[in-house]
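Good morning, and thank you for the time.

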Amino acid sequence: MKYINKLSIVALSCASLLSCTDLDTIPQGGIFTEEQKQEVVESDPSKLKADITGMYANNLIQYSVFGSSQRGDDFGYPAVCLSNDLNGPDMLAPDAGYNWFTTCSEYSDRSDTYANPYMRWALFYNQIKLANDILASIPEDTENQVLKYYRGQAKAVRAFDYLSLVPYFQFKYKGNEDKPSVPIVKDRMEGDLTNNPRASLKDIYEFILSDLNAAITDLEGFQRLSKGEIDQQVAYGLRARANLYTENWAAAADDAAKAMQGYNFYSRSDVSKPTFINSNEPGWIWSLVITDVDYNADNSLISWPGVIGSFCAGSYSAGAGMYKTINTLLFNKIPATDVRKGWWVDGKLHSDNLNGQKWGSAEGDAIAKLELPNMEKAPFLPYTVVKFGMYGGLGNNVAANHWPIMRAEEMLFIQAEGKAMAGDLNAGKTLLENFVKANRDPSYSCTAANANSFQNEVWLQRRIELWGEGFSMSDIMRLGKNIVRVRPGVATNVPEAFQFNLSANDGWLLMRIPQKETNSNLGIPTSANNNEGNQPIPGSGAGLTDGITD
């Protein structure tokens, strides 16, 4: 399950899973030059439409990285989100054979020869290749509005890809600006890709922000066909993330406000039952739009509802009992008055959010205890997630749930944190209190007395609200926090093999660049990889705290 022969950036720059094949060759058998491609798309922008579609599809394709090997952990961007969350303190999964993601929970994924961390590398460099092909096909001085829209989307996608890589390969931005992160691969890139060193954090964030600045300009007036595409507000949201990571607080707050303008939050009523199914639900700014053609009943095993959710019949979670659960350290911090307490069953398999729900003849809490033959459904584990509903109803096995990449709630948290950290603590507290009281917990009150304690409060709210959506480790890395899964003398539901903590400066936190890349790219010799730290063992890191679950 763990090892795989790997491609490299060098290989990906030459052959990608999806490419601009319709622009590569002349019908008579010749080869288009870059200039000829640009002439073609300038005269007929529709020639690039399929490539734009393919660029977006990269993140939702089943077996998107490993192809015919059909691995159980290869289902696009949601699999990356799950891997990152299982590295963190708040999401748990059984230490068992049907769990394809044990490498993440045990931190053996810091190997440069394992398949799961390679997936988290190659998925995004594949998409960067697709974006670069599109950008190289568009004349730099184009005045064609359609091509500007395409260019804006490609630059925003490329920025998203780097934002999905950078936080995991180096520590937080402030204080580490000159340290190496990941290599930059550009369209029309000058120089030798076989000698392309890791860029510094400063350089790569400048590149990301440059792409997003250009994208925001290009996407002015663009009306997308679905939330699976990037429009100007999504680009603002991505720039809000980039500014958050680099601690440009005021800019992060301003961009977040622009990103969520016109979007409504999920109400308390909305999230009092399993939901997060469709991009038409409140607050979804950008998503993967997955259809029953993408993940039908025959391949629901390798899908995010089948691995992260709890209601897909015959899946790894429901059928094999590989349910994702919340760490009780965090669960116990959620007040009983907060509707999100019901996003998980408790230690007795009860959740208010199951009231009125049905799986066949089972209703309410009986769903949690329901056991069906032929690996269709196993009983829930204590603290199993019921946050995510199921396309077609509980017990359906057509895994066509959409995946939220960006929600208005995330932007609200960025705006609140940005306001407070930029010097206006009262404004940040007002934003956070108003949101939580109106939509999650009417009894909520923020008691933070300074910006640092407020930042911790926002982090707590993010850990609850965005649980399972892929933000756990990026928050830990940008905030420089310890990973605390267990506390001495406190009962835990963490499997024994995963019972350890890691300090914020532990070199083992940093992902390793895949071995094939270091072999092929002279700019990243093995000595330039992340090589510090040791894999944690049960019991290590005892006594560490995080300021939240202490």
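How does the lining of the second largest cavity divide by class into nonpolar, polar and charged residues? There are six nonpolar, two polar and five charged residues in that lining. Before I go further, please keep in mind that this is a predicted model.

Let me stay with this cavity for a moment. Its volume is about 130 Å³. The lining comprises 13 residues, and those closest to the centre of the cavity are D85, D90, R463, W467 and S472. As for secondary structure, helix 16, residues 451-465, and helix 17, residues 472-479, each contribute at least two residues to the lining of the second largest cavity.

Now to the wider survey. When the whole structure is searched, six cavities of 30 Å³ or more are found. The largest cavity has a volume of about 160 Å³. It is lined by 15 residues, of which Y77, S164, Y168, Y245 and G470 are the closest to its centre. Three helices each supply at least two lining residues here: helix 4, residues 77-87, helix 7, and helix 9, residues 232-245. Which of the elements provides the largest share of this lining? Helix 4 does, with four residues. By class, the lining of the largest cavity consists of nine nonpolar, four polar and two charged residues.

I turn next to an open site, the second largest pocket. Its volume is about 290 Å³. Of the 19 residues in its lining, T53, Y56, A57, G228 and E229 lie closest to the centre. Helix 3, helix 7 and strand 2, the latter spanning residues 284-288, are the elements that give two or more residues to this lining. The greatest contribution to the lining of the second largest pocket is made by helix 3, with five residues. The class division for this pocket is 11 nonpolar, six polar and two charged residues.

Helix 3 and helix 7 also pack against each other, and I would like to describe that contact. Helix 3 covers residues 49-57 and helix 7 covers residues 145-163; their axes are 11 Å apart, at an angle of about 20°. Helix 3 is therefore roughly parallel to helix 7, since angles under 35 degrees fall in that class. The crossing of these two helices is left-handed. On the helix 3 side the contact involves K49, I52, M55 and Y56, and on the helix 7 side Y150, Q153, A154 and V157. Six of the residues in this contact are nonpolar, one is polar and one is charged.

Helix 8 brings Y205, I208, L209, L212, N213, A215 and I216 to the contact, where they meet Q232, A235, Y236, L238, R239, A242, N243 and Y245 of helix 9. That contact has 11 nonpolar, three polar and one charged residues. Y245 is a member of this contact, and Y245 is also one of the residues closest to the centre of the largest cavity.

From helix 14 the contact takes E409, L412, F413, Q415, A416, K419 and A420, and from helix 15 it takes L425, A427, G428, L431, L432 and F435. Nine of the residues in this contact are nonpolar, two are polar and two are charged.

I will close with two backbone details. E247 is not a glycine, yet its phi is positive, at about 65°. E247 is placed in the loop between helix 9 and helix 10, the latter being residues 249-260. N374, likewise a residue other than glycine, has a positive phi near 60°. Its place is in the loop between helix 13, residues 366-369, and strand 6, residues 403-407.

Note on methods. Residues numbered from 1 in each chain as written. Predicted model: local features only at pLDDT ≥ 70, side-chain atom pairs only at ≥ 80, totals over all residues. Heavy atoms only, no water. Axes fitted to C-alpha atoms, helices over the stretch in contact; angles between N-to-C directions. Parallel < 35°, antiparallel > 145°, perpendicular 65-115°, else oblique. Left-handed = near helix turned anticlockwise from the far one by under 90°. Contact = heavy atoms within 4.5 Å. Nonpolar A, V, L, I, M, F, W, Y, C, P; charged D, E, K, R; others polar. 1 Å grid on protein atoms, 1.4 Å probe; cavity = no way out; pocket = protein on both sides within 12 Å on 5 of 7 lines; lining within 4 Å. Points joined across faces, edges and corners; volume = space filled by probe spheres on them.
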